[in-house]
Amino acid sequence: MKVISSICELKNCLSGERRKSKTIGLVPTMGALHDGHISLVKRCVEENDICVASLFVNPTQFNNKQDLATYPRTPENDYALLEAARCDYVFAPAEKEMYPEPDTRIFNLGPVAEVMEGAHRPGHFNGVAQIVSKLFDIVEPVKAYFGEKDFQQIAVIRVMVKELNLPVEIVPCPILREASGLAMSSRNMRLTPGQHQKAPLIARTLKESTTFVPGKKVQEVIDYVVNTINKEPVLQVEYFDIVDRNTLQSVKNWEETVDPVGCIAAFCGETRLIDNITYRNK
Ligand code: AMP
């Protein structure tokens, strides 16, 4: 496995691989890797000749300075995990390498980027589009792997790929969870042991709420989830909505669409967690 921090060096290596007719897959990450990330890497290794994983805490997608400053960074552990997963290239650039000049590009991401995370984290998805478009430009992957934990992010990236006519297939990968059900996240490292014990209530409540379909109305399910989680003093729901899995717009009735998704953001103490679940209504 090669760890590379220079765009030029990575491009040279990858054009060498392409000359040998190797297919290249990409897994973009912000590091502080866990089994969720590694599941993406393993899939990428399986489906491509060459797997590139990027490790870069992208400042332009953080709308909160404190969140950026305290984002966990564990590079040595990340390299060991990636090596064990048989990743071929790790791209770990410095900030100046990715942004020698401020990136002023504004992407036209449409309605999928305006709701939920888009509404609560202004500029977040534009920052995601900035970094992912740069990574696609540098790596030119045939396939790129993204976790369904960031369900809305996948929809936004699909819009970006279409807008820029990029020849890359977006591969969604299932959410990996801790034994408690809590969705794995780099931010889980910031939870105190007490908070870590309470946070699984988010996933447990989402799962329980799927048993109410189609008996309870959509709004009743939303109210149940929000109230159940908010009853736990250390948890505070920022938003919970049940949306169409393609347009990400709110659904009012179960019959409106196939397999809508419940998307949640909730604070556990100071740490903001996200998760989602599919409601099977057919
Ligand atoms: P991040 O480092 O948080 O930007 O995540 C990098 C990629 O890993 C994104 O595509 C995430 O959706 C994905 N990912 C993060 N957590 C999980 C998880 N628990 N299960 C599956 N994929 C995940």
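Helices (H or I, at least four residues) and strands (E, at least two) are DSSP runs, numbered from the N terminus. The model is predicted: local features need pLDDT of at least 70, side-chain atom pairs count only at pLDDT 80 or more, and totals for chains, interfaces and linings use all residues. Residues are numbered from 1 along each chain as its sequence is written, and side-chain values use heavy atoms, with hydrogens and water left out.

**Exercise 1. The ligand shell**

Solution. 

Step 1. Take the shell. A residue is near a molecule if one of its heavy atoms lies within 4 Å of it. The ligand is surrounded by 17 residues. Met30, Gly147, Asp150, Leu176 and Met184 are the closest.

Step 2. Assign elements. Helix 2 gives the largest share, three residues.

Step 3. List polar contacts (pairs of N or O atoms within 3.5 Å; within protein, one must be able to donate a hydrogen and the other to accept it, and residues adjacent in sequence count only if both atoms are side-chain atoms).

Step 4. Compute cover. Accessible areas come from the Shrake-Rupley method with a 1.4 Å probe; for residues, only the protein chains shown count as cover. Alone, the ligand exposes 490 Å². The protein buries 94% of that.

**Exercise 2. Salt bridges**

Solution. 

Step 1. A salt bridge is a side-chain nitrogen of Lys or Arg within 4 Å of a carboxyl oxygen of Asp or Glu. Buried means under 20% relative accessible area, exposed over 50%, partly exposed in between (1.4 Å probe, protein chains only). The structure holds 12 salt bridges.

Step 2. Start in helix 2 (residues 35–47). Arg43 and Glu47 both lie there, four residues apart, about one turn of the helix. Arg43 has 28% relative accessible area, so Arg43 is partly exposed. Glu47, at 29%, is partly exposed.

Step 3. Go to Asp103 and Arg105. Asp103 is buried at 17%, while Arg105 is partly exposed at 33%.

Step 4. Glu117 is buried at 6%. Arg121 is buried at 9%. Salt bridges with shared partners join Asp67, Glu117, Arg121, Arg187, Arg190, Glu238 and Arg272 into one network.

**Exercise 3. Helix 1**

Check the span of helix 1 (residues 7–19), then describe its start, its buried residues and what follows.

Solution. 

Step 1. Compute the expected span: 1.5 Å times one less than the number of residues. Helix 1 has 13 residues, so it should span 18 Å. Its end C-alpha atoms are 18 Å apart, which agrees.

Step 2. Inspect the start. A side-chain oxygen of Ser6 comes within 3.3 Å of the backbone nitrogen of Cys8.

Step 3. List the buried residues: Ile7, Leu10, Cys13, Leu14, Gly16 and Glu17. Their cover, by contact (heavy atoms within 4.5 Å), includes strand 1 (2–4), strand 3 (50–55) and helix 7 (124–139).

Step 4. Leave the helix. Ser21 follows helix 1, with a positive phi near 65 degrees.
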